[in-house]
Amino acid sequence: MKKIGFLSFGHWANHPAYKTRTASDTLLQSIDLAVAAEEIGIDGAYFRVHHFAAQLASPFPLLSAIGAKTSKIEIGTGVIDMRYENPLYMVEDAGAADLISEGRLQLGISRGSPEQVIEGWRYFGYEPKEGENDADMGRSKAMEFLQRLDGVGFAQPNPTPMFPNPPGLLRLEPYSKGLRERIWWGAASNATAVWAAENRMHLQSSTLKFDESGKPFHVQQAEQIRLYKEAWKKAGHPGEPRVSVSRSIFALVNDQDRLYFGQEANRVDQIGMIEPGRNAIFGRSYAAEPDKLIKELAEDEAIQEADTLLLTIPNTLGVDYNVHVLSSILDHVAPGLGWR
């Protein structure tokens, strides 16, 4: 068995081919898709967070709305850029969303990647401390977020409060017990995957990572996952860590699928750059008839190492078509790989 979720970047644009012409379209369709995905047996609804772009940016209202309209599906992010966040306010937002969904929040966070504007986090009122860079700032905020999720009081109460206080130091409210155990870190390198394990976070590994060996993407990603699992075990954390990988996978079962994604069939890994001076390797897309797709995916080492697969979806094509995309994987591909 493998958990299968979808990952939406939440694009919109006033384009004649898009079903998502506005931000409202994208938000409302995201809710509808999560509801429909739960009905067909998808395990998770995850959303990417980008600022200063015509994409989803403020995850907690959306996650709360989905949590209120569903009952089983996991809801989460992949990922929130911590450079832009107030960790304490985020604890409150995350706690509320988790309580609304009755403990189904799976929150992916990271130190952040290149964004739409230069040093966009400065517009949000944040800047690195002396001796830090922006990546350090993102990791530092993540650690404060994790600490405050534990629910331990830290704030000195007012001796003359508006409302009576419980004894002792005060914590942030609402507190959601167990949420600390459902935080994931998006890692682009082997070192940050190990760091995530040491700090008791689950691992999200996307369709790109830094090229650290020249090997195929799925091999490098599988090695990253194995290093993460070893570090978790070495740290002595209780329980089993979870690992998700993201993939663009399309089963070509009708003419519409072939029209949209037939050109993806022969895609290969690509080398690019997401930070100055560091090459990154971008994993290939998969698009083929189900029988061929099963054979290709069976050779993807990283998918085999992960317990959760997040399918990146073309959200601009609308709810109905994306339900078809997800159903095609569940019905024609997952059984042949032992995922269902």
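**Backbone geometry**

Biologist: Where does valine 79 lie?

Modeller: Valine 79 lies in the loop between strand 3 (74-77) and strand 4 (80-81); helices (H or I, at least four residues) and strands (E, at least two) are DSSP runs, numbered from the N terminus. This is a predicted model, in which local features need pLDDT of at least 70, side-chain atom pairs count only at pLDDT 80 or more, and totals for chains, interfaces and linings use all residues. Residues are numbered from 1 along each chain as its sequence is written, and side-chain values use heavy atoms, with hydrogens and water left out.

Biologist: Is the bond from glycine 78 to valine 79 cis or trans?

Modeller: That peptide bond, from glycine 78 to valine 79, is cis, with omega near 10°.

Biologist: Turning to phi, what is the value for phenylalanine 52?

Modeller: Phenylalanine 52 has phi near 60°, a positive value in a residue other than glycine. The loop between strand 2 (44-47) and helix 2 (59-69) holds phenylalanine 52.

Biologist: Why does phenylalanine 52 count as partly exposed?

Modeller: Because its relative accessibility is 42%; buried means under 20% relative accessible area, exposed over 50%, and partly exposed in between (1.4 Å probe, protein chains only).

Biologist: Is glutamate 102 buried or exposed?

Modeller: Glutamate 102 is exposed, because its relative accessible area is 72%. Its phi is also positive, near 60°.
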